[in-house]
Amino acid sequence: MTSPRHKPVAPTPDQDSDLIIVEGLVKHFPIRGGLLRRQVGAVQAVDGVNFAVKRGETFSIVGESGCGKSTTARLLTRLLEPTAGKVTLEGRDITHLKDSQLRPLRRDMQMIFQDPYSSLNPRHTVGKIVGAPYRIQGVSPEGGVKKAVQDLLAAVGLNPEHYNRYPHEFSGGQRQRIGIARTLALKPRLIVADEPVSALDVSIQAQILNLLEDLQEDFALTYVIIAHDLSVVRYVSDRVAVMYLGKIVELADAEALYGGPMHPYTVALMSAVPVPDTRRRQERERILLTGDVPSPISPPPACRFHTRCWKAQEICRTQEPPLVELLPRHRVACHFPENYPDEAVRESATEASTGEDYR
Amino acid sequence: MTTPALRDLVIRHPGQLDKQPFLEVVDLKVHFPTDDGLVKSVDGLSFALDRGRTLGIVGESGSGKSVTSLAVMGLHTRPSSERTRPGAQLSGEIYLDGDELLSKTPEYVRSLRGKRMAMIFQDPLSAMNPYHTVGQQIIEAYRIHNPVNKKVARKHAIDMLGRVGIPEPSRRIESYPHQFSGGMRQRAMIAMSLSCDPDLLIADEPTTALDVTVQAQILDLIRDLQSEFNSSVVLITHDLGVVAELADDVLVMYAGRAMEYGSAEQLFNRPAHPYTWGLLGSIPRFDRVGAERLLAIKGTPPSLINVPSGCPFHPRCGYAARNGGLSEDVRPELAPVEPGHTVACHLSPTEREQIWEHEIAPKL
């Protein structure tokens, strides 16, 4: 938090509606080398991230592999300890809590994992898996653990009689439901879901997305969803943050973001999504980014996207653009944003229409 | 060679109807005997593909799309008395440019691989040999089919790497697969598959492991190279978006069988099978504010050991009850709904049209 570029740019902490607040979050994984295993560098997985998640909303973090979205999820749930910055859950600073102090907090925040195969213990029955949170937290639900577990199984669309079965007897979609039932056991307030549907088949994906939506209503849940699929993110989210190389480059309401993406990276990302509509094959204007994402060990200076950006100018290489609210509720970290009224005046009419396709 | 009825099902370019399709699969069955029973991965599949066209095969896991492509490439282990594990039982006919492949020896089919047909796999890291440089692997493939010396082959390999957009190809040819990023590896594998200018390219989920911006690069690359080499491409994917981007024709598979087959334009604008409706309804739309709720398909894909009787989709189909048990008892065959568009479903044309127009289309 010493470096000025990590200064929190945006969220005005609002204790009434914000469930979790993240300020200047940094996570560097050290790289050790040499005879003495001295630190020779660091993977700058998350490098100064600010946002706040409101009660009852679905907040999504989207980005490509290596952008730091999963690390952010693990920092939120404190499965990892941040290098710098602050995480506040319901007004309580949880950034550096010890394991024993964290355990009671786990009732309030739970995580859904991507892989329904490796996240369930193969030697435990479904009853034991879904009932584990009660055991660990020492909670005795009304009517007994077995009844509570069977109610949960029914809530996620599984047969309560499957209580004594083992995970291998279930399909991928059913296993994901078991994982979801387990997260619901202690009636958490926040669920952080890391790619909850990306390992599932299309038809099963839709079932799980519908289920997550129903549960949000029934259990008054707040979701933080980590995903790489922009279509899924549009469908589930109220607000979306786009990450690139450890930083949030754009943060806005889902409709505003998809209707008029402002950061060139968001624009390129959206233009690359294949759309299941043959009529749009010709009309679409594709922005093809060249090359690969740079290494997070030595990210480019200033704006991290400048090496691949078609609008980059001298200032992008020397000065980091702050994440600022350019339009109401729409934050962007860019010196030359797209779909920006001022920009449209400066540019010729044809050039400014790049984003029309998404409206 | 084939019955006229099957011939009629084939999607052909007008003007090429008299010619033979480049790839033709007729009543293909691939069964695997296991301790639990016979796994019917592909069960009576027919399709055809003309030169220079792209066929997208769409389906969920276990629908038989990859098993079909491995059968075309001749990569299934055939049953033999020496093996402890039984191989795949294949029947039917596969014609590559008029040449029936299933009746040929493995040695003959091997001589076609690389030169006449090549494959791009989903995971380039496991498809390449980690002990050899990318260059060595391309050079080896090229020299098997072309009698040239190492120097010429190396020059060709550098040329191919450059063609697929790998920067500094003369330096990167010395790299090992692990030194490439995911997108670069996929490019290198495409360079290897195309090094002998194959007539048929099978791409099995070529972009599934890649990020969306890299996916766009690879799809563009496949499209450009196809028009340059005039190859036929079979694109296997579960992503309807990728199919809409690249495919001319689409085959929808379920439980080892063809459910619907038509041009991409027909399939996306006038889909006729309840399973296709389900697939289209299951994907959230990126390009528009979608319906409040996704039209998910209920249930899960069937076990391929106990494939449901009649139409394999009937236990999950919302319309199976409409034809008095026909879907449970009788297996529907592909039948034309319009020229070049066939569907395997017992719904009557009027019923189908009504359901699509009033119940499905407004909700997509």
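In this predicted model, helix 8 of chain B is largely enclosed by the rest of the structure, because 12 of its 13 residues are buried. A residue counts as buried if 20 or more other C-beta atoms lie within 10 Å of its own. The buried residues of helix 8 of chain B include Gly183(B), Met184(B), Arg185(B), Gln186(B) and Arg187(B), and also Ile190(B), Met192(B) and Leu194(B).

The cover over these buried residues comes from several elements of chain B, including strand 6 (117–120) and strand 7 (200–204). Among the covering helices of chain B are helix 4 (124–127), helix 5 (134–145), helix 6 (150–163) and helix 9 (212–229). The length of helix 8 (residues 182–194) of chain B can be checked as well: at 1.5 Å a residue, its 13 residues should span 18 Å, and the end C-alpha atoms are 18 Å apart, which agrees.

Chain A has 13 helices and 12 strands. Of its 359 residues, 45% are buried. When contacts in chain A between residues at least 6 apart in sequence are considered, 65% join residues at least 24 apart.

One sheet of chain A is open and consists of four strands in the order 2-1-4-5, with antiparallel pairing. Its edge strands, strand 2 (38–54) and strand 5 (92–93) of chain A, each pair on one side only. Further in, strand 1 (residues 18–33) and strand 4 (residues 84–89) of chain A are joined in the antiparallel sense by five bridges. Ile21(A) stands opposite Thr88(A) in strand 4 of chain A. Helix 1 (residues 69–76) of chain A lies across strand 1, strand 2 and strand 4 of chain A, and runs at about 115° to strand 1 of chain A.

Technical notes:
Residues are numbered from 1 along each chain as its sequence is written. Chains are lettered from A and ligands numbered from 1 in the order in which they are written. This is a predicted model: local features need pLDDT of at least 70, side-chain atom pairs count only at pLDDT 80 or more; totals for chains, interfaces and linings use all residues. Helices (H or I, at least four residues) and strands (E, at least two) are DSSP runs, numbered from the N terminus. The expected span of a helix is 1.5 Å times one less than its number of residues. Two residues are in contact if their C-beta atoms, placed from the backbone, lie within 7 Å. Two strands pair if DSSP finds at least two bridges between them. Axes are lines fitted to C-alpha atoms, for helices over the stretch in contact, and angles run from 0 to 180 degrees between N-to-C directions.
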